[in-house]
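Student: I have a structure open and would like to go through its packing with you. Can we take it piece by piece?

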Amino acid sequence: METELKTDYTVEEMVEGFVYNELEGKGLYGLNGSLVIQPEYQRHYIYNDGKRDVAVIDSLLSGYPLGLFYFVDAGTQLEVLDGQQRITSIGRFVRGKFAIKVDGLEQTFSSLAADQQKKILESKLLVYVCTGTESEIKDWFQTINIAGVPLSDQELRNAIYSGPFVTAAKKVFSNSQDARQMKWSSFVKGDPKRQGVLEVALDWVAKSNSQPIDAYMANHRYDTSSKGLETYFTTVIDWIDSTFTAAPSKHMRGLEWGRLYETYHTKPYNPSAVDKDVQSLLDDEAVTDKKGIYEYVLGGKSEPKLLNVRLFDEHVKRQAYNQQTERAMKEGASNCPLCAVGDNVNKTKIYETDAMEADHVTAWSNGGGSTLDNCEMLCVTHNRAKGNR
Ligand SMILES: [Zn+2]
């Protein structure tokens, strides 16, 4: 199958002669009748949920591209191979079939300000026109729609925003021979050749500007250098490196370092104390989420839930329950030690095991382990009241 890039369809051209069949839920034609929007092998229009269809229009109004479209040259007509849902959403909107919210107000296409209407109609849609036999086309359709896009997300973006910026950025981030890739791979997951490192670098810098990657790439598309991107990325890497000075553990790979940098880089840290804390948590068997260690330490060790600390196992709970219950029955008191003290109606109540929960006598954050000698069974009410465990 051959593909040929055709870049110059505007929304206005695309929706010329657009027909939507309400009964069949199909967008039928575009490009003044020369485009068949829903050939037989396509599924029905499923974007009419007030979310995905609205998102398509919002993207156009924000100037974000909608990704690639693939058409098949079927001789006398073109057929949509990929992009049917997006084109149908645009066509339905322009024909007044649904409204979107702009600045809190419901707007149909005809009620939009003239400049916004113009913006939508002049938006360019990037189309590849393919030629091939019907079976080649169907095979390819399967690949892009079901088995997943053969291009990675970032490979697609590189195609959409191709230009001097992408060329410059790829020289830095997509070169697996670059000596720095080794160091980066301690913290960044992704194959440089499949644009995985570039994607992470773009993700960090875009998020620091509260943007999606697409918007960042659109803004910088014609920059002749990728210096800003490179500087931000290496700043984050250097910050990780100078904050955690011990040899990197495998758990540091693929963390949201961009977010961690933005949140914590203005706080001072003592690297040797940080390394010591990290090492002792890495060695602590009760810490089941090792990836959470770094944010836990950066955040001043105040969020133990990041570590997913292991609780008591069933065997320990059963032993604690049996010991407590045996003792309580002898003394004629409740087997919940908190019910047993003071004056209350449950003073002598013996709870079944499923009405009790295990509590750390000394909290894990204060050095208490999940062992029998640190386990106390409490009735559900008392345990929940105690909360923090
Ligand atoms: Zn109790």
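Student: Is strand β11 mostly covered or mostly open?
Tutor: Strand β11, residues 375-379, is mostly covered, with four of its five residues buried. Buried is used for a residue with 20 or more other C-beta atoms within 10 Å of its own, exposed for 12 or fewer and partly exposed for anything in between, with the C-beta atoms placed from the backbone. Strands here are DSSP runs of E with at least two residues, and helices are runs of H or I with at least four, numbered from the N terminus.

Student: Before we go on, what sort of model is this?
Tutor: This is a predicted model, in which local features need pLDDT of at least 70 and side-chain atom pairs count only at pLDDT 80 or more, while totals for chains, interfaces and linings use all residues. Residues are numbered from 1 along each chain as its sequence is written.

Student: OK, and which way do β10 and β11 run, parallel or antiparallel?
Tutor: Strand β10 (residues 356-360) and β11 run antiparallel and are joined by five bridges, where pairing requires that DSSP finds at least two bridges between the strands. Within this arrangement, D359 stands opposite E376 in β11.

Student: Switching to helices, how do α9 and α10 cross?
Tutor: The axes of α9 (residues 196-208) and α10 (residues 213-220) come within 8 Å and cross at roughly 90 degrees, and the two helices are therefore roughly perpendicular to each other. That label covers 65 to 115 degrees, whereas angles under 35 count as roughly parallel, those over 145 as roughly antiparallel and the rest as oblique. The axes are lines fitted to C-alpha atoms, for helices over the stretch in contact, and the angles run from 0 to 180 degrees between N-to-C directions.

Student: Which residues make that contact?
Tutor: From α9 they are L202, D203, V205 and A206, and from α10 they are I213, A215, Y216 and M217, contact being C-beta atoms, placed from the backbone, that lie within 7 Å. By class, the contact of α9 with α10 has seven nonpolar residues, no polar ones and one charged. Ala, Val, Leu, Ile, Met, Phe, Trp, Tyr, Cys and Pro count as nonpolar, Asp, Glu, Lys and Arg as charged, and the others, Gly among them, as polar.

Student: And what about α11 with α12?
Tutor: Helix α11 (residues 227-243) and helix α12 (residues 257-264) pack at about 75 degrees with their axes 10 Å apart, and are therefore roughly perpendicular to each other. In this contact V236, W239 and I240 of α11 meet W257, G258 and Y261 of α12.

Student: Which residues touch the most others in the largest nonpolar core?
Tutor: They are L35, F71, V80 and I90, in a core of 25 residues; such a core is a set of buried Ala, Val, Leu, Ile, Met, Phe, Trp, Tyr and Cys residues joined through C-beta atoms within 7 Å. Helix α3 (84-94) gives the largest share of this core, four residues. Leaving aside neighbours within four places in sequence, I90 is in contact with V11, M14, V15 and V56.

Notes. Two residues are in contact if their C-beta atoms, placed from the backbone, lie within 7 Å.
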